[in-house]
Amino acid sequence: MKMLTTTMVSAVALTLAIGAAEARNAPGVTAKEIKIGNTNPYSGPAAAYSAIAKAIGACFDMQNGEGGVNGRQINFISVDDGYSPPRTVEQTRKLVEREKVAFLFQGLGTPTNSAVHTYMNKKKVPQLFVATGATKWGDPKNFPWTMGWQPNYQSEGIAYARYLLENNPDAKIGILYQNDDYGKDYVHGLENGLGAKAASMIIARESFEVTDPTVDSPIVNLKNSGADTFYNISTPKFAAQAIAKNFELNWAPLHLLNSVSNSIGSVVSKAGFEKGQGMISAAYLMDPTDPEWKSHDEYKAWNAWMDEYYPDGDKADSFTVLGYSACKTMIHVLENAGDDLSRENIMAQAASMKNYRAPMLLPGIKINTSASDFYPIEQWQLMRLKGEGWERFGDIIDGAVGSGS
Amino acid sequence: MDLFIEQTVSGLATGAIYACLALAVVMIYQAIDHFNFAQGEMAMFSTYIAWYLMDDAGLGLPFWVAFVACIVLSFIGGAAIERIVFAPISDAPVLSHIIVFIALFSMFNSLAGFLFDFTPKNFETPFGHTPFIDGVISSHRVGMIAVTLILLGLIYAFFRFTPIGLAMRAAAASPESARLVGVRVGFMLALGWGLAASVGAVAGMLIAPITFLTPDMMLGTLLYGFAGAVVGGLTSPLGAVIGGFMVGILENWMGTFVVGSQLKLTVALVLIIVVLLVKPAGLLGRVVVKRV
């Protein structure tokens, strides 16, 4: 009788234990599967970005082929939001409430992610490694369930500031910026980085609206301000216009071009290589077209993966590199989470990466996070336009927000 | 003083962009008595056609062949839109027309993105980008101002001196009376749409080398074009051109010396309102009296 009781008790205890373990795991996690949600613009004006989500899907395919993560297959559900915030809300609710995904990963766009920022944090569902450079994603105090991945705009501004302080502390800076959060984030980063010298070094600021046909007039003003350094914060079309207009005006300042628009294919070559010689920009990922990487192991692995899992993808498109590298970071976090796949633990693992090197980051760049640091990548390397390509120079620059001089 | 001159010249060059588009606006207004909100997107789409005809990835034709072909294709396309979309609803209220304009706007925008993607494209210019006055204005911008003035002359002559231009004005101003004196109103409307699409195509091909070709290149430009047309008078091609240049220059002056760059767009909108309040017919427009 006593034995029976013991057996019964242990059986109950066992059932309870299993129940507890299952309750701890996030919805969407079973013994065989982890469901991950994602929103991306497969249609509409930002459709080019969907190459990132396609790359991520292909990267998870490879991982699943190799046995998944700790024996679980990854079920990556990526849906179209057309870069339209109301649709992001609708799709996100569907993913969280109907599909019951464990968390969202690499949702694309600043306005779109902003639309579900509060919702995700209220629901306590991780909104991990969002694909946007806005600085607002690293706010663990108010939004403990949201984290970015790529270096934020402010950190890039800080990197340029460091470069200027070191190489030309008497620079007279003229700023061209898009009059919205993105533009102001970049301006703010530069100001932070320059610290006390910001007021004396920045001598002119000119903004433009996305609806403006050209940026001619602000550039004429910047030229006349006597600036010798031109900090260009604009999206591809306007960046190309600015490069062409400077050339037309015979204005040859040190041109700092934000990384948003440093694509050789869609900006620099369109404006004309001869017009942009000597421009400086920043990078954190390997450029797949740069012959320097052809013999690098990570490039070779990436290249083989592209051939096998994403043959339709464009190998010259840096978005495929971004998707691949972010996907590897996600896998790293899930592996560290082990069998405790609760939302709390996934978030905790994401917030405790130490010197993790995601493949295809520039050599020397490491991912570090902590409970109070929700900015995974904060390092940059500068590069200069020479001939028909970018040439990296100098050391890796730390652009941690708040680390200004 | 340098800054003043440079901003003025730069405003003149940007004003040429607005003037071009304002001409297309006036053209369609003369033909159908309405604004066409899809005008900018139609012009943008025409420009993509020209780009496709010229580019190595497309047909690789020489510039002037593509230029003429694009104008002809745009004419056919514009007339076809009138016949297919607007002829059946010619008796519908104005609101229906406006809804269709907006539908066309969004269709052309999406279609261009779908067919040609959203990355900026480089558009060739026969004038080159060499400096015309060193450091102030480039050869393309001078060429653009010249083409705008030629276009203005052609349109002016068309409406003033040709019987068909007169018939077109009649068909727009008073369809019933025009029909009674033997003008084929339906044909005139299609012709007007075709011509407006052609003028828009020329405007697009002149603007694209400066702004780069993207599906959203006309979004803000059309607003300034409207402002130009309203300032100059919707019924006057000369007024539209003067209005376009005025908006371009005023915008730069206000942005540089008065309100700062953040409020530049507002200047165009305030201008529209002020002109409509003070001189509704515009600087050179004729006052339209309608019997109710």
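Domain bounds here come from an automatic or database domain assignment. For chain A, this assignment gives domain 1 (33-151 + 294-374) and domain 2 (154-283 + 382-398). The centres of domain 1 and domain 2 of chain A, taken over C-alpha atoms, are separated by 29 Å. The contact between them takes 8 residues from domain 1 of chain A and 9 residues from domain 2 of chain A. Two residues are in contact if their C-beta atoms, placed from the backbone, lie within 7 Å. On the domain 1 side of chain A, the touching residues divide into 5 nonpolar, 3 polar and no charged. Ala, Val, Leu, Ile, Met, Phe, Trp, Tyr, Cys and Pro count as nonpolar, Asp, Glu, Lys and Arg as charged, and the others, Gly among them, as polar.

The model is predicted: local features need pLDDT of at least 70, side-chain atom pairs count only at pLDDT 80 or more, and totals for chains, interfaces and linings use all residues. Residues are numbered from 1 along each chain as its sequence is written, while chains are lettered from A and ligands numbered from 1 in the order in which they are written.

Chain A holds an open sheet of 5 strands in the order 2-1-3-4-5, with parallel pairing. Strand 2 (73-80) and strand 5 (146-148) of chain A stand at the edges; each has a single partner strand, so one side of each lacks a neighbour in the sheet. From one strand to the next, the twist averages 20°. Helices (H or I, at least four residues) and strands (E, at least two) are DSSP runs, numbered from the N terminus. Two strands pair if DSSP finds at least two bridges between them. Strand 1 (residues 33-40) and strand 3 (residues 103-105) of chain A run parallel and are joined by 2 bridges. Gly37(A) stands opposite Leu104(A) in strand 3 of chain A.

Helix 4 (residues 110-123) of chain A lies across strand 1, strand 3, strand 4 (127-130) and strand 5 of chain A. The helix runs at about 145° to strand 5 of chain A. Axes are lines fitted to C-alpha atoms, for helices over the stretch in contact, and angles run from 0 to 180 degrees between N-to-C directions.

Most residues other than glycine have a negative phi. Asn250(A), however, has a positive phi near 60°. This residue lies in the loop between helix 9 (236-248) and strand 9 (254-257) of chain A. Asn355(A) also has a positive phi, of about 45°. Asn355(A) sits in the loop between helix 13 (343-350) and strand 11 (379-386) of chain A. A residue is buried if 20 or more other C-beta atoms lie within 10 Å of its own, exposed if 12 or fewer, and partly exposed in between, with C-beta atoms placed from the backbone. Asn250(A) is exposed, with 11 other C-beta atoms within 10 Å. Asn355(A) is exposed, with 7 C-beta neighbours inside 10 Å.

In chain B, helix 6 (residues 163-173) and helix 8 (residues 185-211) pack at an angle of about 105°, with their axes 9 Å apart. The two helices of chain B are therefore roughly perpendicular (65 to 115 degrees; under 35 counts as roughly parallel, over 145 as roughly antiparallel, and the rest as oblique). The residues of this contact divide into 7 nonpolar, 1 polar and no charged.

Between the chains, 33 residues of chain B are in contact with 27 residues of chain A. Helix 1 (2-32) of chain B gives the most to the chain B side, with 7 residues.
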